Amino acid sequence: MSHQAAPVGPVFTPERRAQLEALAQRYPTRQALLLPALWMAQRAHGWVTPEAIAEIAEVLEVSTAHVQGVVSFYTMYHTHPVGRHFIQVCTTSPCHMCGAADVVAALLEHTGCGELGATSPDGRFTVVEVECLGACGFVTPLLIDDDFVESVTPAGVPELLARYP
Amino acid sequence: MADPTVRLTIDGTSVEVPKGTMLIEAAKQAGVVVPHYCYHPSLPSPAVCRMCLVEVEKLPKMVPACVTPAGDGQVVHVHSPAAQKAREGVLEFLLINHPLDCPICDQAGECELQDFVFQEGQAGTRYADYPKRYNPVEDFGPDVLYIPNRCILCTRCVRFMDHVAETPVLTVAERGDRAFIGIDPAHRLDHPWSGNVVDLCPVGSLVSKDFLHKARAWDLDKTASICPGCTQGCNIMIDTRDDVVVRLRPRPNLDVNRHFMCDTGRADYRWMNRGDRQETPLVAREGALHPVEWDAAIATLAREVEATAGRTVLLVGRRSSCEAIGWAMRLLEGRDVLATMAVPMGDTAPLAGIPDLALRAERAPNLEGARRLGASARWVDALEMVPEADLVLMLDAELSDADAATIAGAARVIHLTTVADPRLGRPLAVLPVTTMAEETGVFVNRDGRAQRFLPARTPPGMARPAWSVLAAAWAEGAPERRAPSTAAEAFAMLEPFGGLTHRDLGFGGRTVPAPAGVA
Amino acid sequence: MGWPHPIHPGETPVLSTHFGDPEARTHAGWVARGGYAALRQALAMTPEAIVEEVKASGLRGRGGAGFPTGMKWSFMPKDDGKPHYLCCNADESEPGTFKDREILRWTPHALIEGCAIACLGIRAETCYIFVRGEYTEPADILEAAVAEAYAAGTLGADALGSGRRLDVIVHRGAGAYICGEETALMNAIEGKRGNPRIKPPFPAVAGLFGMPTTINNVETLAAVPHILVRGAAWYAGLSRSSPKSTGTKLISVCGHVRRPGTYEITMGLPMDELIFDLCGGMHDGRSLKAVIPGGSSVPILTAAEVAGCPTDYEGIAAAGSLLGSGGMIVMDDSTDMVFQIMRLARFYAHESCAQCTNCREGTAWTTRILERILRGEGSPSDLDLLLDIADNMTGRTICVLSDSCATPVISGIRKFRGEFDAYLSGDRAPALVEA
């Protein structure tokens, strides 16, 4: 899903526009389509570009400022390009007390990212810390792109990363 | 049948208010100000600043006074120890990231954060040795700078642009203590009423570039006035420092402009400070204009009017007061007069969220007053009459080159003016008068509301209010006549206003029904 | 079941009966397991009858507030002519809580059925299930189940051939714990920043899109079909300690136990039985130090306070905490309490929506002071300062995220003061190095 290539074309291709309008039938306002529309943009381009924000604002008939306020509120929308594979590791207390910090260290090492939020030199990975992922009994959980992976250990990191070229 | 009311006690004082009144407004009636930031009477209330929390007996938690309706029988405590501690807590929280910018911040001296901290906050902070949140200054547009470090996130600016200007270009960006006010990068804050966000900002986070570092609030003298920009008649304050006008701000009037004024009016004050003013009365003698004392000047005016047999064309300037126009007409009473007001036109700019509030096309604050006093001819018609007129009497009217040439060709011209005009050749007299910023007077706005303005600066040289010059000349016409000695007297003696006085107008103005027969 | 572990005899499988059974996810599989019989039953009942049955069961909100569900449904207007909405809160983001995800990914039809019945009870035709954005797998499974239900005619304009409309729409969030607050959830569905709203107006009067709305948790709604089919009396009878805590509760146990997972227990099962028996107790050589019984926003209990405490609303309240979401975080003697409280404060600081001054600044300030203490740069007055800040953050804001940050600070300082003092005195080496 995530890639660093420059975004090509609009968010709302005829196909995606049709999807959006079908979804519009299920809500009484167009503004309610905003979170779904932002997901469509991120899936299409790998991040939410300024052009996408303007396009979504126009199609949903809301102000660009409103869309920007929403995008900056919800942490899962990227407002800049990220690595081809985006890794979100939980380090909130229940995970932290069961070794999440070691998993983070292993990820930073084996991805080559070096520090949180940075993209690896080969553009393959970005690793960030996130708050509780709701899998506290399966430490350490993480998301790689859309894949929710449970029970990750430091030893298991290299093999996990190998699955994401 | 009266609207239902509720009775309650606030800080020991009993009040009765209409049902639905919020506690924060009910408290005003009890003479109690509930400290607040995000609340504003002209904006929807989000109750986010948490300053206005008050104790209501029998309720388990303190409630925000801005969104809690007054209830019958409530006993409310605004200054109880718990409410004071709550406010002290909010102030401390606000100050942990708010920089100690007072020495360099324009808002100092008129800052609501300073005021409430001084009144109720702690003397020192317990926020030790941490860096404060930092964001760089942002240029939001034509006149507005945003200094995010000072922002207390009251969101008044966002709500103003969303709900009052109906131009949603601002938003809250990010979350938690990283939040700041963002502007849509494809837009600027150039809405014709956007300057109001500077007034709305309780702190020095949104500041005016025009006013930046110009003057300290405590150095300013503040005078109640009326915006001379258009026929809307927004109530304003003229701020002066050492007799120089440095700023115009809106003055609240719920019936005219609520809490707002447009950017055009706001910016249009520099003419009040013109240095090239006519300071001495001049009278034509032996082919040249000579400076004279006022007695001689007034005598000349009276004599020339008396000697006028034919038509008089009266050209009234766009900022002329009712007193000036009224006494010009009184001076010319019983004569053949064609009177007109010069009215430049411009674009309108409504403030969408407030009914009947707009920058009006007619850029003259007293056009309606002029009409009621008889200066209702069309400018072009009056100018056409000039070559045949016996006398052209000018009341500080602005002239195009073509108009000036026409008037220069007239035989007899008397020029009451703020600034000399060499294009007019040699008038019979040039009489220096005050601007509306230097005198007391009344404007009547487009809705027929007569509103008073006060002098904000001293007149230069020998300049006098136009009404006093004209009334003095009128008094010379008959021994039993007595000229009014004050603007209030001058106004009260004007027939079209039926004896209404300045005192009757107060500082909120009063709608005066148009007399029958006035267009 | 103690998912992912085999069902323990101490459990009472009701909602969790089919956890781990992929067949149960399908529409056909669900029907074969008795699914949608309750919906059929509900379609033949009046809304009042449905509400009364749920009231009689004693079901209380399983998301954290514990408000009686039947009573909440009864707040909806009867005859107003406006569209009514049901929102299902699947935002599950409270640290320690991971039980709704199991319902979503193993028995999505149980949730759909519960939502449909709730709609009938509150006179709504439309239900929005708000799933947190991070729950990619559960949301995909839920969306597939919803599609199947429409295809089978269970949902749609003619639900189960009744001639009545029942619509379920899955709406994904995008990373904000605060959207688990019911009014913020509605704002997120409406396409706005997830800011909680001032109440009044309450959702039952003016909620989603300004219309009368009820918001219920996933677990709450999943219990409804069972109540209808097996009867309110059966549900009310599942109670071991307090008659006001009935039915079963999914407790997601995490932290320092041998078998973390989601366990379904009868209300009132002793907490030490849950921890030491069902969950296998402590790791080798470790002893219990503290438990946060209901998600990070409830007070911390010491091991002594856990002993003899029944796992239900009243029992845990009597012990000085709250059952909350049922997200139980177990901490053994290896736990650095100060660090974990700091990490919780950092969580709340990250999630604060920024509306209220007290929360926006207080969560961050609290975090900074705790970090400073952990760096060995604290002073004794810091503890009083933390408690005063916590006091200024409690009962002062639009929602309770602010209070939730204050709670572990207050209970932590009160019950584990020694650990704070150790950092202040320098007896304990700093746990953090940089600012």
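Tutor: The model is predicted, and local features need pLDDT of at least 70, side-chain atom pairs count only at pLDDT 80 or more, and totals for chains, interfaces and linings use all residues. Residues are numbered from 1 along each chain as its sequence is written, while chains are lettered from A and ligands numbered from 1 in the order in which they are written.

Student: Why is H15(C) called roughly parallel to H17(C)?

Tutor: Helix H15 (residues 357-374) and helix H17 (residues 401-415) of chain C pack at about 25°, with axes 9 Å apart. Angles run from 0 to 180 degrees between N-to-C directions, and axes are lines fitted to C-alpha atoms, for helices over the stretch in contact. Angles under 35 degrees count as roughly parallel, over 145 as roughly antiparallel, 65 to 115 as roughly perpendicular and the rest as oblique. The pair is therefore roughly parallel.

Student: Which residues of H15(C) and H17(C) meet?

Tutor: Asn358(C), Cys359(C), Gly362(C), Thr363(C) and Thr366(C) of H15(C) meet Leu401(C), Ser402(C), Cys405(C) and Val409(C) of H17(C); contact requires C-beta atoms, placed from the backbone, within 7 Å. These residues divide into four nonpolar, five polar and no charged. Ala, Val, Leu, Ile, Met, Phe, Trp, Tyr, Cys and Pro count as nonpolar, Asp, Glu, Lys and Arg as charged, and the others, Gly among them, as polar.

Student: What makes helix H12 of chain B mostly covered?

Tutor: Nine of the 10 residues of H12(B), residues 466-475, are buried. A residue is buried if 20 or more other C-beta atoms lie within 10 Å of its own, exposed if 12 or fewer, and partly exposed in between. Among the buried residues are Trp467(B), Leu470(B) and Trp474(B). The buried residues of H12(B) pack against elements of chain B including helix H7 (294-306), strand S20 (391-395) and helix H13 (487-492). Helices (H or I, at least four residues) and strands (E, at least two) are DSSP runs, numbered from the N terminus.

Student: Into which domains is chain C divided, and how many residues of domain 1 are in contact with domain 2?

Tutor: Chain C has domain 1 (22-237) and domain 2 (337-425), with bounds from an automatic or database domain assignment. Their C-alpha centres lie 35 Å apart, and 10 residues of domain 1 of chain C are in contact with eight of domain 2 of chain C. The domain 1 side has seven nonpolar, two polar and one charged residues.

Technical notes. Contact = placed C-beta atoms within 7 Å.
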